[in-house]
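Me: I would like to learn how to read a few features of a model. Can we go through them one by one?

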Amino acid sequence: MTDPLKPRDAKDVEDAVVWALSEGKTLEIAGQGSKRGIGRPSQSDITLDLSGLSGVTLYEPEELVLSARAGTPIAEIERLVADKNQELAFEPMDCGPLFDRASGEGTIGGVLAANLSGPRRIKAGAARDHFLGFSAVSGRGETFKSGGRVVKNVTGYDLPKLMAGSFGTLGVMTDVTLKTLPRAETEATLLLQGLDDRNAAQAMADAMGSSCEVSGAAHLPAPALGTLQGMFGGRPVTLLRLEGVAPSVSHRRDVLAAVLKPYGTADTLGAQSSRTVWRAVRDVLPFAGDERPVWRVSTAPMNGTAIAAAAAAADGVCLFDWAGGLVWIALPVSEDAGSAVIRAAVAEAGGHATLIRAPAAIRAKVAVFDPQTDGVAALTRRVKDSFDPKGILNPGRMWAGV
């Protein structure tokens, strides 16, 4: 196996891409490799290892802006901003446990390239909404920049939105800039136990429609509790998070409890227990440590129960986040990882499904991301050709031939 290329700076990255072009080689773009299992298996000749491009280059807490090299560990950034009572409000998922790896291995470039967003997305928006700018090297071997240090930037195309979720197929990001936000003083989580999926979805909808500024809404049926079984006694649990200053959290907790009264008496988790539970939801810990295929389905919140019912009929287990708009599904091991079941359910209910975890052999033959219509596929190809005409960056990572 060829040794990976490990650039020390942005100029090394440009040189590596230029070399790959001249030699007709393709490159797998990777940081720490914590998300290597997402997408189709690598079809590249050499790995371009960006873990050496590490370090925060600018942090101005008073301006709510941070810049870092793409290979900087996300854990390092979260510690830095926490020291200033700030946070990455989109609450990025740590993929390590789901792939039987250590926690804290992900990089900021990988988080943005995969557009990873956690439970707070329903209030704070997705990772792409916090992505202000970047420097990158295209598949042409050219360094380019986009965006800046402010949210409002009208100097050209909003390329950060395009790069977020492109999984390294359009350019090799070397430096990124994103916004930070003040961290909540405290938090509390109201929980309801014993609700079925449909009543839980309605309870979450009522909570989101209230004035209580809910920052997390999730439902864990009994089979999806995993390591949280002991905390909740093995009963289904519906979780609703409130964040802010202590008096506000206390007031909103009482108001929300009244809103939820038709569904039963709500108990309360204090700040520490609340953080533990939401970390488990964010990282899908109930599905860690086994070999079942795992799907991630985004849909309209009230449609999640229909998708879950189809999965349950195939012996699947579901976990609901984003007030029901995000459904994590673990299915029994099979030759297609349950693709036929999931694709049929999503076609009926609407939404998008991504196969997050499955053996490489299955990911090579099953559509990992949503199959594209002819028109969308043609547009995807034109965008790819604009940035990477020779197809040397993460070829086939998202769709075959792209």
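Predicted model: local features only at pLDDT ≥ 70, side-chain atom pairs only at ≥ 80, totals over all residues.

Me: How many disulfides does the structure hold?

Reply: A disulfide is a covalent bond between the sulfur atoms of two cysteines. The criterion here is a pair of cysteine sulfur atoms within 2.5 Å. The structure holds zero. C95 is in no disulfide, and the nearest cysteine sulfur, that of C318, is 19 Å away.

Me: Are C95 and C318 buried or exposed?

Reply: Buried means under 20% relative accessible area, exposed over 50%, and partly exposed in between (1.4 Å probe, protein chains only). C95 is buried at 4%. C318 is buried too, at 7%.

Me: How do I check the length of helix 13?

Reply: Helices (H or I, at least four residues) and strands (E, at least two) are DSSP runs, numbered from the N terminus. The expected span of a helix is 1.5 Å times one less than its number of residues. Helix 13 (residues 374–387) has 14 residues and should span 20 Å. Its end C-alpha atoms are 20 Å apart, which agrees.

Me: Which residues of helix 13 are buried?

Reply: An α-helix has 3.6 residues a turn, so residues three or four places apart point the same way. In helix 13, T380, K384 and F387 are buried. They fall within an arc of 65° seen down the axis, so they line one face of the helix. The arc is that of the directions from the helix axis to the C-beta atoms. The face turned away from the buried side carries the exposed residues D374 and R382.

Me: What do the buried residues of helix 13 pack against?

Reply: They contact strand 6 (131–138), strand 7 (143–147) and helix 5 (159–163). Contact means heavy atoms within 4.5 Å.

Me: Which residues of helix 8 are buried?

Reply: V249, R252 and L256 are buried in helix 8. Their arc around the axis is only 70°, which puts them on the same side of helix 8. P247, H251 and A258 are exposed on the other side. The cover over the buried residues includes strand 10 (186–193) and helix 6 (197–208).

Me: Where does N85 lie, and what is its phi?

Reply: N85 is not a glycine, yet has a positive phi of about 55°. N85 sits in the loop between helix 2 (74–82) and strand 5 (86–87). It is exposed, at 56% relative accessible area. D315 also has a positive phi, near 65°, and is a residue other than glycine. D315 is in the loop between helix 10 (304–313) and strand 15 (317–321).

Me: What does the side chain of R357 reach?

Reply: A polar contact is a pair of N or O atoms within 3.5 Å; within protein, one must be able to donate a hydrogen and the other to accept it, and residues adjacent in sequence count only if both atoms are side-chain atoms. The R357 side chain reaches the backbone oxygen of F287 at 2.8 Å. A polar atom of that side chain also lies 2.9 Å from the backbone oxygen of L98. R357 belongs to strand 17 (residues 352–357) and is buried, at 8% relative accessible area.

Conventions:
Residues numbered from 1 in each chain as written. Heavy atoms only, no water.
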